[in-house]
Amino acid sequence: MNGQKVRWGILGPGGIASTFAADLPLVEGAELAAVGSRSLATAEAFAQRHGFARAHGSYADLAADDGVDIVYVATPHAFHFEGAMLCVEAGKAVLVEKPITLDLASTAQLIQAARAKGVFLMEAMWMRCNPAIRKIAELVEEGAIGWVSAIHADFGLQGPFDASHRLRDPELGGGALLDLGVYPIHLTHMLLGSPAKAHAWAHLTPERVDENTGVLLGYEAGAVAALTCSINGESRNAASITGTDGRIDLPPGFFIPRSFVLNRPGKAPETFEFPFEGSGYQFEAAEAQRCFLAGEAESPLVSHEATLEVMALLDALREEIGVYY
């Protein structure tokens, strides 16, 4: 980063914000500037715990802080739009935890506002910034496994979750699809783009959010993707990308891998290793910093177009399974 400092703010000091904050010192040039919460005491405790210089007792005060360059929005899904829009309107660059909002309409509105303001905006889909995932995209682009014919991926958490948990709360954008299914869907979109056909089935909780969901995507060229997500059982959480000339296998934790295996007929399996410190959030932070310093409005790794296309697909799938926010 050539010694240039980028001053970070965090909006919403919850669990994922703590993990992100712990990884920020791994990013060259990242300065822990400020944190904002609806509670000043909560903000102060978070700032002291993670080494941020200032604490604000409101999101508006954080957005107005002239000593902040980029804000990471880490509130629950249902509040992403409100927090991100506040920062965009204040002229801040913004990294918004996934999913960027609850639906396509609000996502499009947020992106339009960021473009009008000329500020950087990115959905924090950390998987697409991961070094192993980027290498996979490169190998597929180079034709290492031929034409991609199928993608299989699953993401399930061990339940049961109490009815009061955020994953079961429709007011917070609960359910497996938006919290977990976004990973298999983003992986598939990164390699195959938007599908020609999309179908889903889900079992819903009494609160009417999906707890066990299957998705089948079909592509004009003939590729298919079979994806599952759940909040009632821990699945293998792995993925495979099959091509006409080989297959790439991602281990459990495919959404933030440190390795993968390339299998090709007649050749010994080839393992690619990408060890790293921390939890893996530093890669999205580093990409956001790179774009900010370069004056770019969006990242090629998680483009506005990709975010909009994935959100359109999520909207269609939610409509089919009957989940509404």
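## Aromatic rings and buried residues

F272 is buried, at a relative accessible area of 15% (buried means under 20%, exposed over 50%, partly exposed in between, with a 1.4 Å probe and protein chains only). This is a predicted model, where local features need pLDDT of at least 70 and side-chain atom pairs count only at pLDDT 80 or more, while totals for chains, interfaces and linings use all residues. Residues are numbered from 1 along each chain as its sequence is written, and side-chain values use heavy atoms, leaving out hydrogens and water.

On to the rings. There are twelve aromatic pairs in the structure (Phe, Tyr or Trp rings, the six-membered one for Trp, with centres within 6.5 Å; planes under 30 degrees apart are stacked, over 60 edge-to-face, the rest tilted). F155 and Y183 make a tilted pair, since their centres are 5.5 Å apart and their planes sit at 50 degrees. This pair ties together distant parts of the chain, 28 residues apart: F155 is in strand β7 and Y183 in helix α7 (DSSP runs numbered from the N terminus: helices are H or I, at least four residues, and strands E, at least two). F260 and F272 are stacked instead, at 4.8 Å between centres and 10 degrees between planes. Here strands β13 and β14 are linked, with the partners twelve residues apart.

| Charge | Ring | Distance to centre |
|---|---|---|
| R38 | F79 | 5.4 Å |
| R258 | F276 | 3.8 Å |

Technical notes
A charge sits over a ring if NZ of Lys or CZ of Arg is within 6 Å of the ring centre and within 35 degrees of the ring normal.
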